[in-house]
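Dear colleague,

Please find below the structure that I am handing over to you. I would be grateful if you could read the notes with the structure open beside them.

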Amino acid sequence: HLIAAFSGFNQRPAVVITSNEMKAKEVYGELKFYFPKACWYFPAKDPLFYSADVRGLAIEEDRMKVFQALREKQAKVIVLSVEALYDRLIPKEIWESFILRKRIGDELPLETLIPRLAQMGYERSEQVESPGQFSVRGGIIDIYPITEDTAYRLEMWGDEIDSIRVLDTETQRSAHRLEYITVFPVSEIVVGDEQIEAGIEKIAAQLKEGAAALRKQDLAEEAERLEEITKNFLDRLGQQRLRGLESYTPLFYEHTVSILDYVDPESVLYFQDPARIVEKVKVLQDELNNSLEGRLKKGHLLPGQ
């Protein structure tokens, strides 16, 4: 009640931080009553980032919708747990530079579109059926944006967009026309060719150093495991399979930020039960330290992580 009252009184966006995900969902449900179209829940990823590669797209969809709401000034209230503040993001201006905005009549050459969508985290398929996919068949491009509940079909005339329509993914038929389309990245870490090249150089240098250090300690098996993990990662980069790279953000960007760098700077921060938040931070830090120690001993840590 207090947060809703203060937010209505001072007309400033609110960011509500809780001690855990369960409490964040509870507070979100309550605040949504007061701000039904302007309250958003920002889910945290697993801070023990070893599981980042195996989760589905559900969390990405929810988080990307929050990024979209923030960018379009539709978010009056953001609710998140303290875990979400541990998630490292690339600078806001860099992430926004990868947003694809196109209108009827704009040029959109396939030779630049396909690698651009791959960098944004989209997966090419025969036909789009779920968010995060795109397909190309002749002069027809289908895209299912991660932030939308429907897909879109672009019909091309050469390199020029001739029409944009809503696409029914079940019947694969297009419906009413649109004037423009905005496609947000699937991934929070978006890397271009320049970042990939720089990341590969860092990986190669650190791999050589790390493997040599392990072998010097008579840990040949761990060194081989590290080399195998790194090779698989480099193969993914070479194939532009760029989903699930959030754990490796420091390999591509020296400067990272948190979700607080994406919100309106005029936002008011509300801490729900500060004492519990402090305790949660201590627990999270201990878990992260123990996880790092264990992965280093087993050779499961990719160079640069």
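This is a predicted model: local features need pLDDT of at least 70, side-chain atom pairs count only at pLDDT 80 or more; totals for chains, interfaces and linings use all residues.

Residues are numbered from 1 along each chain as its sequence is written, and side-chain values use heavy atoms, with hydrogens and water left out.

The sheet. Six strands form an open, mixed sheet in the order E5-E6-E7-E8-E9-E10. Its edges are strand E5 (123–124) and strand E10 (173–178), each of which pairs on one side only. Strands here are DSSP runs of E with at least two residues, and helices are runs of H or I with at least four, numbered from the N terminus; two strands pair if DSSP finds at least two bridges between them.

E5 runs parallel to strand E6 (residues 133–137), with two bridges between them, and Arg124 stands opposite Phe134 of E6. On E6, four of the five residues are buried, where buried means under 20% relative accessible area, exposed over 50%, and partly exposed in between (1.4 Å probe, protein chains only). E6 is joined to strand E7 (residues 140–144) by five bridges in the antiparallel sense; one of the bridge pairs is Ser135 with Asp142 in E7. The hairpin of E6 and E7 has two residues between the strands, and Gly138 there takes a positive phi near 60°.

The patch. Glu107, Glu111, Asp159, Glu160 and Asp162 form a negative surface patch. Patch residues have over 30% relative accessible area and no salt bridge, and like charges are joined within 9 Å; a salt bridge is a side-chain nitrogen of Lys or Arg within 4 Å of a carboxyl oxygen of Asp or Glu. Asp162 lies in strand E9 (residues 160–168) and is partly exposed, with a relative accessible area of 43%.

The loop residue. Thr256 sits in the loop between helix H8 (249–252) and strand E12 (268–271). Thr256 is buried, at 18% relative accessible area. Thr256 and Ile90 are 166 residues apart in sequence, yet their C-alpha atoms are 5.0 Å apart in space.

With kind regards

Note on methods. Patches are made of residues with over 30% relative accessible area and no salt bridge: like charges are joined within 9 Å, nonpolar side chains (Val, Leu, Ile, Met, Phe, Trp, Tyr) within 5 Å. Accessible areas come from the Shrake-Rupley method with a 1.4 Å probe; for residues, only the protein chains shown count as cover. Lys and Arg count as positive and Asp and Glu as negative; His and the chain ends are not counted. The place of a charge is taken as NZ of Lys, CZ of Arg, CG of Asp or CD of Glu.
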